[in-house]
Amino acid sequence: MVLLQPDPFLNELTSMFERSTEKGSIWVTLKRSSMKCKATRNKMETSGQPIEYRCLVRATDGKKTISTSLSAKEYQKFQASYATVLKAHMNALKKRERKDRKKTVEPEKKQDSSKSNSSKKRALSTLKPSK
Amino acid sequence: MVYIESWDEFVDRSLQLFRADPQSSRYVMKYRHCDGKLVLKVTDNRECLKFKTDQAQDAKKMEKLNNIFFTLMVRGPDADISEASSKEQMEQQASKKGRGRRQ
């Protein structure tokens with residue numbers, strides 16, 4: 001289990017996604033953790049010290065595991081970069097079937113009313129230079 | 001393993017589960033590019049809630065859920081998780097940068 005800083009973690013996660021396109025899975029786990037063992041936590045509770053919790057993020061491709069821990073200050077930036085990484089790589093999922101059905105219907109309509117569509121396009125093109 | 005059909009029900013029950021035991025609850029995501037499948041799991045090691053999908057629209061919903069879980073885990077189970085608050089903070093940061101450039 002390799003504990004990394006948030007940015008190297010994201011880089012390594014990206015490589016994991018790239019390596020697992022043909023076969024394999026990626027698991028990402030989010031857990032709240034104080035990063036301290038139970039004994040230390042109990043001592044801190046009894047002595048009245050506030051325990052600082054962090055978000056532990058782990059990722060694995062079944063063979064290698066990486067992890068990072070986020071504090072209250074760094075988690076928002078990480079969450080934005082993490083969302084970008086996921087969006088970039090999770091593109092094997094199916095898109096909505098209903099829209100596909102509409103698309104198969106729409107071109108038939110477009111062929112019938114192609115003149116009206118071209119007139120609409122001319123209207124739009126006149127609007128653009130005026131802006 | 002309980003697979004939940006409705007996304008909203010999955011979100012409600014998983015947030016409930018997390019808030020009841022934030023110390024032992026965890027949120028797991030499994031993605032298989034070769035099969036085009038995404039599975040989400042929230043468990044406290046007693047009860048387990050799962051959601052599986054192959055739809056791209058659910059990936060977008062999952063991103064919002066990711067943000068909610070990040071906020072809850074770092075700030076605590078009682079944190080305010082309105083999505084607007086995170087967007088407002090980003091806008092505030094952008095406006096602060098703007099003021100700096102104008103000066």
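## A bridge between the chains

Let's start with B:Glu63, which is buried at a relative accessible area of 16%. This is a predicted model, and in it B:Glu63 forms a salt bridge with A:Lys87, with the closest N and O atoms 3.9 Å apart. The contact crosses between chains: B:Glu63 belongs to helix H2 (residues 56-75) of chain B, while A:Lys87 belongs to helix H3 (residues 75-89) of chain A.

## A link within chain A

Now to A:Arg19, which pairs with A:Asp61 in a salt bridge whose closest N and O atoms are 3.4 Å apart. A:Arg19 sits in helix H1 (residues 6-19) of chain A and A:Asp61 in the loop between strand S3 (54-60) and strand S4 (65-70), so the bridge ties together parts that are 42 residues apart in sequence.

A:Arg19 is partly exposed at 47% relative accessibility, whereas A:Asp61 counts as buried at 16%.

## One turn along a helix in chain B

In chain B, the side chains of B:Arg13 and B:Glu9 meet in a salt bridge at 3.2 Å, N to O. These residues are 4 apart in helix H1 (residues 7-20) of chain B, so about one helical turn separates them. B:Arg13 is partly exposed at 29% relative accessibility, and B:Glu9 is partly exposed at 38%.

## Network and total

Back in chain A, salt bridges with shared partners join A:Glu12, A:Arg19, A:Asp61 and A:Lys64 into one network. Over all chains, the structure holds 13 salt bridges.

Terms used. Residues are numbered from 1 along each chain as its sequence is written. Chains are lettered from A and ligands numbered from 1 in the order in which they are written. This is a predicted model: local features need pLDDT of at least 70, side-chain atom pairs count only at pLDDT 80 or more; totals for chains, interfaces and linings use all residues. Side-chain values use heavy atoms; hydrogens and water are left out. A salt bridge is a side-chain nitrogen of Lys or Arg within 4 Å of a carboxyl oxygen of Asp or Glu. Helices (H or I, at least four residues) and strands (E, at least two) are DSSP runs, numbered from the N terminus. Buried means under 20% relative accessible area, exposed over 50%, partly exposed in between (1.4 Å probe, protein chains only).
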